Amino acid sequence: MVRLKSRYLLMEIRFEDGLVDQSLSSSTVYHDILRSVENTYGDYGFGCIKMSFKVKYVNPFTGVVFVKCSRDYYRMLWHAVTFLKEVNGRQCSMNTLHLAGTINSCQRFLVKHNKKQLRKMLAQCKTPAEKGKISKMLKQLPSAKSMEDEKKKRQGDLALKHLTG
Amino acid sequence: MASFGDISVPYQNDLRVLMKYISTLVNLGYETIAINRTVSPDVKGKGGQDKIPGPPNLTSLPGLEDLKKTCPKLKLLSRITVIIEDQQQVRFIPGETVQSYDIVSVQPTNEKLFQQISQAVECDVISFDMTSRMPFYIKHPQVNLAIERGVSFEILYAPAIRDESLRKHTITNALELIRVCKGRNVVMSSGAEQTIELRGPYDIINLGLLFGLKPDQSKATVSRNVRSIIYHAEARNKTVKGAVSLEKMPVPASSVKRGHENVEQSKESDLKSKKFKV
Amino acid sequence: MSSRVTAKQKSEYYYLKCVLEQEENGTIKYIVLERVKLKSLIVNALKQLHGLVGAAITVDVLKCEKTSGEIILRVKSSDLIKLRSSLTILNNYNGTPCRCNVKQVSPYLMSLAADSRAWSPVEVRGKQSRYYEQS
């Protein structure tokens with residue numbers, strides 16, 4: 001059976017003024033990206049992307065966006081996103097962080113990425129209260145070792161499944 | 001090489017307008033043309049069967065003879081498209097009026113009906129309304145079933161020429177359909193509302209490339225697959241279970257005569273033998 | 001047997017011969033355009049179907065005949081599908097419906113001089129009946 005294969009793009013919206021937009025919702029991001037696709041690839045690109053394109057997750061505070069697209073046309077989407085200038089009526093730029101075949105691997109990357117960002121913030125912190133807050137958040141995140149273990153376990157499961165059929 | 005064909009020219013009440021379509025198509029290089037009539041039979045009222053018009057008479061079009069001189073291979077067919085919105089409407093398809101058309105095509109509007117049609121209903125073409133968002137996903141098993149039975153799928157290209165929003169939907173739906181049926185048994189036909197919307201066969205082949213078909217599959221959409229539809233329709237219409245067909249043969253006059261003589265001779269010989277017995 | 005010459009490389013450019021048609025009272029009329037207007041028409045059609053990426057395609061108008069309305073275009077072979085599909089989609093010029101009829105496409109400009117598709121076998125039959133009986 002042929003599966004419809006897809007790609008997941010993990011992107012980050014950076015607004016021009018450096019502020020966050022709380023009213024950011026997945027539908028506004030969806031429409032803005034789709035408009036950009038239509039602009040860069042015309043009716044044909046729109047038709048290609050429309051069927052498989054989905055915005056899976058939007059975090060208005062960090063500006064992180066998960067986008068799903070069919071594997072055949074993800075490059076079109078990617079190109080269009082680099083040309084995106086406005087989301088929700090505000091000047092911004094999109095920065096692609098990661099491209100993956102499953103949403104799981106994207107999420108794993110996001111956890112790592114967030115950790116890196118938090119460490120950076122920790123270094124910049126001035127008051128002890130802020131420091132405490134961020135270090136608490138860091139502890140809540142799964143450690144690199146546990147993630148690695150989980151990955152191995154999953155691969156083992158897959159291998160077992162493959163062997164036993 | 002199979003000749004190029006367009007199996008979806010809408011029927012016009014004014015025969016002169018219809019003739020204009022046909023002559024435009026011939027000029028563009030098509031040789032097989034099917035005149036399409038779209039109906040959606042009424043279930044509630046009595047005699048829904050009778051309300052379906054019979055196939056149009058395509059032999060007496062004005063100026064057809066002249067056109068046949070320039071294009072001797074020209075083949076005109078009648079086609080009916082039954083839009084099915086209700087389970088009840090399926091029973092019209094095996095009806096006599098519908099089956100008297102050369103090509104029978106069905107347009108299901110929901111997934112259940114599509115499944116039923118791909119499984120059992122006697123038709124040659126399944127078409128979809130591609131000008132809006134598809135009301136359901138086209139699925140592999142149903143499509144494979146239809147392809148195994150030799151039923152084809154249709155893409156209309158004229159809406160893509162007509163309007164911007166229709167174009168987007170047509171591209172989306174055509175890509176989806178071609179992905180699901182892997183480029184097998186797809187035909188592209190016009191469905192034009194004006195003669196200016198018709199395009200040449202090689203342009204349509206190129207458009208097929210854009211829809212994700214391979215070059216040979218793309219060429220088949222306007223040539224080989226059209227021919228296979230016509231053969232499929234003939235097998236359904238003019239044969240018994242697709243195995244035996246009856247054809248009236250013109251009997252040469254000489255053989256008839258000889259046959260009579262033989263009979264007479266045998267009679268004479270019978271008489272002789274009787275005589276001998278006597 | 002005549003000797004056959006085969007070009008090994010893929011050609012860089014493709015050449016298209018086409019006409020712009022318009023229907024008026026049931027008769028087909030050819031639209032004759034200036035080079036600049038024609039180019040903008042083509043670029044607009046490309047932009048409509050393929051967006052900015054399509055508009056970036058370089059299309060050269062080699063010839064724009066005044067009398068017959070015949071146009072000869074040149075594109076990079078990689079962009080042929082895009083150009084031809086947008087010419088197919090082209091549906092109006094200045095608000096009036098029109099059609100771009102692509103008559104011939106070839107990687108060699110020379111071959112546009114004669115059109116093998118315009119040959120009618122009926123005319124030739126008298127002279128070379130042998131070939132047609134075989135096929």
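How much of residues 13–88 of chain C is helix and how much is strand? In this predicted model, that stretch is 39% helix and 37% strand.

**The annotated stretch of chain C**
- An unreviewed UniProt entry carries the annotation "domain: Ribonucleases P/MRP subunit Pop8-like" for residues 13–88 of chain C.

- Chain B contains an open sheet of 7 strands, arranged in the order E1-E2-E3-E4-E5-E6-E7 with parallel pairing.
- Strand E1 (5–10) and strand E7 (186–189) of chain B form the edges, each pairing on one side only.
- On average, neighbouring strands of this sheet are turned by 30 degrees against each other, direction ignored.
- Within chain B, strand E3 (residues 75–84) and strand E4 (residues 103–108) run parallel and are joined by 6 bridges.
- B:Ile83 has B:Gln107 in E4(B) opposite to it.
- Helix H8 (residues 164–181) of chain B packs on the sheet, where it touches strand E6 (152–156) and E7 of chain B.
- The direction of helix H8 of chain B makes about 160 degrees with that of E6(B).

**The contact between chains B and C**
- Contacts link 13 residues of chain C with 15 residues of chain B.
- On the side of chain C that touches chain B, helix H2 (80–89) and strand E6 (96–106) of chain C each supply at least two residues.
- This side of chain C comprises 5 nonpolar, 5 polar and 3 charged residues.

Definitions and conventions:
Residues are numbered from 1 along each chain as its sequence is written. Chains are lettered from A and ligands numbered from 1 in the order in which they are written. This is a predicted model: local features need pLDDT of at least 70, side-chain atom pairs count only at pLDDT 80 or more; totals for chains, interfaces and linings use all residues. UniProt positions are given in the numbering used here, feature names are shortened, and annotations may be inferred rather than shown by experiment. Helices (H or I, at least four residues) and strands (E, at least two) are DSSP runs, numbered from the N terminus. Two strands pair if DSSP finds at least two bridges between them. Axes are lines fitted to C-alpha atoms, for helices over the stretch in contact, and angles run from 0 to 180 degrees between N-to-C directions. Two residues are in contact if their C-beta atoms, placed from the backbone, lie within 7 Å. Ala, Val, Leu, Ile, Met, Phe, Trp, Tyr, Cys and Pro count as nonpolar, Asp, Glu, Lys and Arg as charged, and the others, Gly among them, as polar.
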